[in-house]
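We will go from a sheet to the helices around it.

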Amino acid sequence: MGSRVSVEEHRDDVARLLAGISGEVSGTTTVGAEVSGTTTVGAESSGATAGGAEVSGTATVGAEGSGTTTVGAQLVPVGDALGRVLAGDVLAPEPLPRFRNSQMDGFAVRAADIAGATVGAPVILPVAGEIAAGSAAAPLAPGTAVRIMTGAPVPAEADAVVPVEDTDVGTFNHDHAAARGSASGRETNPPADPASRLEAPHDPDAGERKAGGSGTAPVGSGSARIGSGSVPVGSGSAWVGFGSVRIIRSRAAGEFVREVGSDVGAGDLVLSAGTVLAPHHLAAVAACGVAELPVRRRLRVAVVSTGTELVAPGEPAGPGQIWDANAVALAAAVRAAGAEVAGTYRITDDPEAARRALRTAAASSDLVITSGGVSQGAHEVVKDVLSGAVFRSVAMQPGGPQGFGRLDGTPVVTFPGNPVSAQVSFVVFLRDPLRRAAGLPTVGELRAVVGHAGESGGSIASPLGRRQYLRGRLRPAGGMRGTVGPKSGSRFPEGPTARTSDRPLLQVDVVGGAGSHLVASMGAADVLVEVPADRSALDPGDEVTLLPLG
């Protein structure tokens, strides 16, 4: 393999290999209002399959957009877009809300008709009808009210909604109770008088209120102003049909009315390109009527594990055989990094069978990852098949044997076969490039102070000249102060650093040993602990750089 290369040099070479398949989106794609000369993607687009239709040429433009192209994007239904990265801006094709609607169950009114209403001097309005959600609003005559449900359209003549709790009705639920009571032959109680629900504030003008200067009418022990066209009201609530309603609190114009476009206006930005789509994002675009979204195409990655000794988990393991952890771990890591698994392959040490499997994997993917078959043994099948690839020793432990190249034009990155080595190699060399290709943020490093260093709690030896990645588990720092991460996009300097922050440091305990076969200790860890190449030991109290797992 020749002389060792540094971790940074190998990382840079792998990044260059993957540069051509990064899936970067060029130009701008927008979803929203239809614009002349473009293909609209959104509520009216069609033809996308569950897997997502490829987007080519000019893919959507918003209200003022012009011809722009999208590369590496696909259309997917909104319901299938969770976790995907938006390839273009989403503009609202219509205002939201689309129409004036009620924020509350209650009564739509003219605010002027109920000015000054209180418990002691309520305003009584005849109820002209009811508007339920999903129905159309009828005109509202002056001096009347209309029952209205949450989300129902508000009549153009109304400018306020009185919540049902601010009336003698109290709730609309008794409508249904009354219907059930009639069906069963049982009597139901009328709605409670508001005096039993609300304490009347002191009102020196009670009993002297006038409706338009026309005097007062007795209602129970107080008086009420009665709107035009009113029906006679006795001492209790008039609850026959729609009847009338006694309103005990005034409302200003605009209260509990959701105006058109109060959430978002037509052509306004709803979501920006690059958004990693979460449930609340999908709700926002669905509410705007958008049915499909352009998302970044996920890289297709084939995962190949090698070795005659491997059997699938759950299958009987014969003499000398082990269960294949690498195929499971690397496929999961690929998905977590925003790519999709084009296929998993388990191949023996037979070169011809391996060549056929690797060529099949390369033909169906953008990238092939292999584990095993790259060291100095007698049956290194990956090295036999990829004769033109670069195989080298990287100055790291575990994970020294590494390689990269192409097979039939498809990039191939090769990792060693020990399970811990393969997982560490993915974190160090492939996780961030795949996340960048997917449009996801890279995983930042952390800084921490070492607590327990191994089972003895003392020093852990580290090979000079090689960067070691130990497994660690985070815990609270116990009041220590110093630098704290994460810091995305920049490398911390190797070795102890000055404590420059007044924030508590994280603390990390090293779990398990340094062996590349100790996969159970990897399962107990949540970070990799980086020991610099110029250090021969790691001691409790040392500051270290951490690479988060997961």
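Start with the open sheet of six strands, which has mixed pairing and the order β19-β16-β20-β24-β23-β21 (strands are DSSP E runs of at least two residues and helices H or I runs of at least four, numbered from the N terminus; two strands pair if DSSP finds at least two bridges between them). At the edges you will find β19 (340-347) and β21 (390-393), each with a single partner strand, so one side of each lacks a neighbour in the sheet. From one strand to the next, the twist averages 15°.

This is a predicted model, where local features need pLDDT of at least 70 and side-chain atom pairs count only at pLDDT 80 or more, while totals for chains, interfaces and linings use all residues. Residues are numbered from 1 along each chain as its sequence is written, and side-chain values use heavy atoms, leaving out hydrogens and water.

Next, select β20 (residues 367-371) and β24 (residues 410-415), which pair in the parallel sense over four bridges. Look for I369, opposite V413 in β24.

Which of its residues are buried? They are V7, H10, D13, V14, L17 and L18 (buried means under 20% relative accessible area, exposed over 50%, partly exposed in between, with a 1.4 Å probe and protein chains only). These cover an arc of only 135° around the axis, which puts them on the same side of α1 (the arc is that of the directions from the helix axis to the C-beta atoms).

Finish at helix α3 (residues 279-287), where H281, L282 and V285 are buried. Their directions fall within an arc of 95°, so they line one face of the helix. The face turned away from that buried side carries the exposed P279 and H280. After α3 comes G289, with a positive phi near 85°.

Definitions and conventions:
Axes fitted to C-alpha atoms, helices over the stretch in contact; angles between N-to-C directions.
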